[in-house]
Amino acid sequence: MSTPSVLRTCWRNCHIRPCLRRGLATEVAQPGAPRPKKPARPVLHTAVILNRSPILTRTPTSFESTYYTYQARIQRALHNPFPYDFYFKPGSLLESKFNLEERKRDRKAFGPGFGADHPLAPGAGVKAQDLRKFGRDEDEKPVPRLHPSDVSGDVKSLDRKGQRNLYLLIQQNVGAETLWKFPEAPVADNELLHESAARDLKELCGEAMDTWVVSRNPIGLYEIHPPTPPTDPSAPPKTCVFFFKAHIMAGQVKPSNSVTDFAWLTKNEIESRVHPQYWDGVKDMLSEF
């Protein structure tokens, strides 16, 4: 491109661009006109879903029990015999105890009279009375899976429903109503959400619990809208409740004066105590087991 052409292009751009800028400019605001008000911010609350994990393994179904029993019989029928004479001194108490346990395991797998329970098997003449002389008993009864709190209906005990997840619910007076809900309180100024959740849990439920908030990020959001839209533009349009997951390691709830009651409940038990709208907002955050 020649030099005159370059100069003509530069001159043309310098005169067109200001025109484009003037054409795309917005209308100048009139002096003294009121600025539009910003919409009011919602009220922020945090709530803690405090969970006590299962402390017992789940009871297997009839199909699972049958399957495990069948597999145990196959395993005992095909396994190599244990060389008890190498590990235990003949005629010792440990050998007698091992033989009794083997008899009990074979009796459970194959029925009486098979394997170690056969009359000609080693140690068949040893009986449980022989071990009781040394302070040993053949059968050791485990603790029952049903806790006394399950029988009495004590919903404040952390030992109830050992096979299920339990969640802490507190009862508070909100206006003229008495509501069950998770520990909840408003967020203070210049406070992070996870800090507010930990503070609310201590203020409402006491410091006698060893708890752990799983994450700094909430696991759910529940919005509370007023029955009628507010007429005042400065009034908050709704309340946003952020839920945080936490686990209890030890201790028990020591409720504050603002808490009238508390309970450790399963997911099914929570549904009958809370408001239907509240249940629809939190049910997906809870475990089915």
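Biologist: Is K156 buried, partly exposed or exposed?
Modeller: The model is a predicted one. A residue counts as buried under 20% relative accessible area and as exposed over 50%. K156 has 36% relative accessibility, so K156 counts as partly exposed.

Biologist: Which residue does the side chain of K156 meet in a salt bridge?
Modeller: Side chains of opposite charge can pair when their charged atoms come close. Here the distance from N to O is 3.3 Å.

Biologist: Which helix holds both E203 and R199?
Modeller: Their side chains meet in a salt bridge of 3.3 Å, N to O. The two residues are 4 residues apart, about one turn of the helix. Both lie in α7 (residues 193-205).

Biologist: Is D200 buried or exposed?
Modeller: The side chain of D200 meets that of R199 in a salt bridge (3.3 Å, N to O). R199 counts as partly exposed because its relative accessibility is 25%. D200 has a relative accessible area of 0%, so D200 is buried.

Biologist: Which residues are linked with R199 in a network of salt bridges?
Modeller: R199 meets the side chain of D200, and R199 also meets that of E203. E203 is partly exposed, with a relative accessible area of 47%. The network also takes in E191, so the residues linked with R199 are E191, D200 and E203.

Biologist: Which element gives the most to the lining of the largest pocket?
Modeller: The pocket has a volume of about 550 Å³. Of the 20 residues that line the pocket, the closest to its centre are V174, L179, Y222, I224 and Y278. Elements that give two or more residues are β3 (177-181), β4 (184-186), β6 (220-224) and α9 (276-282). With 4 residues, the element that gives the most is β3.

Biologist: How many residues of the lining of the largest pocket are nonpolar?
Modeller: The lining also holds 4 polar and 5 charged residues. The nonpolar residues number 11.

Biologist: What accessible area do F63, Y67 and Y68 have together?
Modeller: Y68 lies in helix α2 (residues 62-78). Y68 counts as exposed because its relative accessibility is 52%. F63, Y67 and Y68 form a nonpolar patch on the surface, and their accessible area together is about 410 Å².

Definitions and conventions
Residues numbered from 1 in each chain as written. Predicted model: local features only at pLDDT ≥ 70, side-chain atom pairs only at ≥ 80, totals over all residues. Heavy atoms only, no water. 1 Å grid on protein atoms, 1.4 Å probe; cavity = no way out; pocket = protein on both sides within 12 Å on 5 of 7 lines; lining within 4 Å. Points joined across faces, edges and corners; volume = space filled by probe spheres on them. Nonpolar A, V, L, I, M, F, W, Y, C, P; charged D, E, K, R; others polar. Patch = residues over 30% accessible without salt bridge, like charges linked within 9 Å, V, L, I, M, F, W, Y side chains within 5 Å. Areas by Shrake-Rupley, 256 points an atom, 1.4 Å probe, with all protein chains shown as cover. Salt bridge = Lys/Arg side-chain N within 4 Å of Asp/Glu carboxyl O. Buried < 20%, exposed > 50% of the residue type's maximum accessible area, 1.4 Å probe, protein only.
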